[in-house]
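Here are my notes on the structure, as numbered points. Please read them with the model open.

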Amino acid sequence: MVAKLIPARASCLPRMTAGEKRVSERLEQKLDDDYLLWYDVPIGFKYSKPDFVVFHPRRGMLVLEVKDWKLESIHACDKDAFTLVTDRGLVHQRNPVAQARVYALEVGVVLERDPMLRHPEDSKYAGKLVCPWAYGVVLSNINRKEFDQAGLAAIIPSHLVICQDEFVPSVDAEALQKRLWDMFPQPFAHALSLPQIDRVRWHLFPEVRVNPGEGQFGLFDGASKKAIEIPDLIKVMDIQQEQLARSLGDGHRVIHGVAGSGKTMILGYRCVHLAHALTRPILVLCFNKTLAARLHQLIAERGLEQKVQVYNFHAWCYAQIQSYHLEKPRGAGMFERFPQVVMNGVEKGLVPRGQYGAILIDEGHDFSPDWYRLITQMVDPNTNSLLVLYDDTQNIYGKATRKRFSWKSVGIDAIGHSTILKLNYRNTLEILSVAKAFIEAQPSDEENDDGQPVIAPESAGRRGPLPELIKVNDRAGEATLIIDCVRDEASRGRSLSDIAVVVRRDADALYMHKALVDAGIDARIAHNSGKATLFQGTPSVKVVSMHSSKGLEFPVVFIPRIGQMPTTGEDETLEAKLLYVAITRATERVVALHDADSAHVGLLAKAIRDFAEVA
Ligand SMILES: Nc1ncnc2c1ncn2[C@@H]1O[C@H](COP(=O)(O)OP(=O)(O)OP(=O)(O)O)[C@@H](O)[C@H]1O
């Protein structure tokens, strides 16, 4: 296995110099996969951008600057600066080794703040950083002989330079690695642990922080420059998430990710970056209104609403109908006809194509082929920037909308642009293990058709209490128990906004909402127009349907009326998926309630028992 560049090399090529292209290719080829490589990403407080950062857990952190200068273009040089002959006349540039040193010093300053990254008091290196740092220069168009003969070693120390002939394709991997590590002032005998590597990334790359306490979309604030207290528990994107988030740019990209694998978090990261990079508006689409409301609120909080528009798909169609004065369908089923009206409008040239600099689709599994055909036409062909987030296990709208088409047939170039995220970060091992019983129980999807991976989630390993399954006498008893638990949670300091009641049927939502409100508990219901304002106002318990809950998360989730799941005639597979979605909304605690026995009660009880036995 070879090292992988972050962002992905292909996405960097358009902005790389010829020398940087060769350096990146060689580093990827000649370094093993325990190296981490970054190209042109901002580091530290100052957001400086070295050309390359090379990291190895047993070696340390190396900053490399690359210069494509030819010997004959160097007019003069000293320890501070180079004067170069260019088309624009003589140009002064800082000595690249001095530049690399400044970046590397910053690495040191940033990392040294963290006591967990310093050698302990009783060690002979007490107080020193556990991660050494160094710096160097690649002269991509000057070979070693030229370097020596020109006396450049007096300006850039010889061991801090890699010359053109020292990173040719035939170079021995060990020889190249030795050159890199000879740049370090002294050898290093400490291997960083995985938590220490996460800490290093947390400090160096503020953008990859997943801020605890900020919840599901904490990452939006990750780039904040304000001084931050160092939390005991460091949360950063994993390498796959980071590479994905940083690499998304021009072109199409499909991410298949299990529930809670960070799909929406990556979408948020991209919105912030695209909003800064693009002049055209950015469109975020999802299917359910509640998630659209939540995303909209978060985009607005970050002051991005001028650049980033968030809609559920039908609301977007309606906005297009209004903006371009198309005839609005009326009567029964009018919503379902909105997309066709917009498609016709596009065909007739009434609705312009290419309106958006980028389009990002959350919950792509709920979109039908026609919708995709329409959406792909709406992206500016110059960027062609389209991101689809997809999880087939959360397809809860029945066979009719199930994806049975190839990406190609709807104009999406997914070949070579698809990624799978398997790790679930949201749920505890207990919650995820129990939830999985409801997707494992489904008939195999193997024979299906669309070639979509049906991925079983893997737990990131966080532990917590087992989901609870409680039997009471009737629906009123379920409501009373929820009210008692909410009061108990609140008395222990839990915000009401951290609590959701997730129900299968609208009638139950109305009932539970009323019961909570009658008990004096502030509660909001995701019902009709309430969906848009669900996350506004003072802290409140959210009462949401299983369908509406998709994409959301809450520390505590109550799921009443399991005894009525599924009822006669209902599609068991779909009902199981719904319960999977509901259970995987909880980050810490799940309480399921029933007043009767049902297939799902049996399955849930068994899943809880099975987990308790093996744990
Ligand atoms: N690398 C990580 N480390 C710690 N927490 C993470 C990491 N990645 C994601 N998370 C957290 O996991 C939770 C789930 O993320 P997110 O909502 O983006 O997942 P998702 O894939 O969109 O889920 P779903 O499809 O179920 O809606 C969030 O609270 C997020 O902050």
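1. W38 and F205 are both buried. This is a predicted model. The two rings form a tilted aromatic pair, with 4.5 Å from centre to centre and 40° between the planes. W38 sits in strand β2 (residues 36-39), while F205 lies in the loop between α6 (194-204) and α7 (239-247). The pair links distant parts of the chain, 167 residues apart.

2. F313 and W316 form another pair, with ring centres 6.0 Å apart; the planes are at 35°, so the pair is tilted. Both residues belong to helix α10 (residues 313-323) and are separated by about one helical turn, because they are three residues apart. F313 and W316 are both buried.

3. F313 and W316 are also part of one aromatic cluster, which includes F287, F367, W371, Y372, Y390 and W407. In the whole structure, a search finds 15 aromatic pairs.

4. The ligand has 22 residues around it, and G260, K263, T264, M265 and E553 come nearest. The shell consists of seven nonpolar, nine polar and six charged residues. Helix α8 (residues 263-277) gives the most to this shell, with three residues.

5. Which backbone atoms lie close to ligand atoms? A backbone N or O atom of V236 is 2.9 Å from a nitrogen atom of the ligand. For G260, a backbone N or O atom lies 2.8 Å from a ligand oxygen atom. A polar backbone atom of G262 is 3.1 Å from an oxygen atom of the ligand. Taken alone, the ligand exposes 640 Å², and the protein buries 94% of that.

6. UniProt, in an unreviewed entry, lists residues 18-105 as "domain: NERD". Over residues 18-105 the chain is 26% helix and 38% strand. The end C-alpha atoms of this stretch are 27 Å apart.

Notes
Residues are numbered from 1 along each chain as its sequence is written. This is a predicted model: local features need pLDDT of at least 70, side-chain atom pairs count only at pLDDT 80 or more; totals for chains, interfaces and linings use all residues. Side-chain values use heavy atoms; hydrogens and water are left out. A residue is near a molecule or strand if one of its heavy atoms lies within 4 Å of it. A polar contact is a pair of N or O atoms within 3.5 Å; within protein, one must be able to donate a hydrogen and the other to accept it, and residues adjacent in sequence count only if both atoms are side-chain atoms. Accessible areas come from the Shrake-Rupley method with a 1.4 Å probe; for residues, only the protein chains shown count as cover. Helices (H or I, at least four residues) and strands (E, at least two) are DSSP runs, numbered from the N terminus. Ala, Val, Leu, Ile, Met, Phe, Trp, Tyr, Cys and Pro count as nonpolar, Asp, Glu, Lys and Arg as charged, and the others, Gly among them, as polar. UniProt positions are given in the numbering used here, feature names are shortened, and annotations may be inferred rather than shown by experiment. Rings of Phe, Tyr and Trp (its six-membered ring) pair if their centres lie within 6.5 Å; planes under 30 degrees apart count as stacked, over 60 as edge-to-face and the rest as tilted. Buried means under 20% relative accessible area, exposed over 50%, partly exposed in between (1.4 Å probe, protein chains only).
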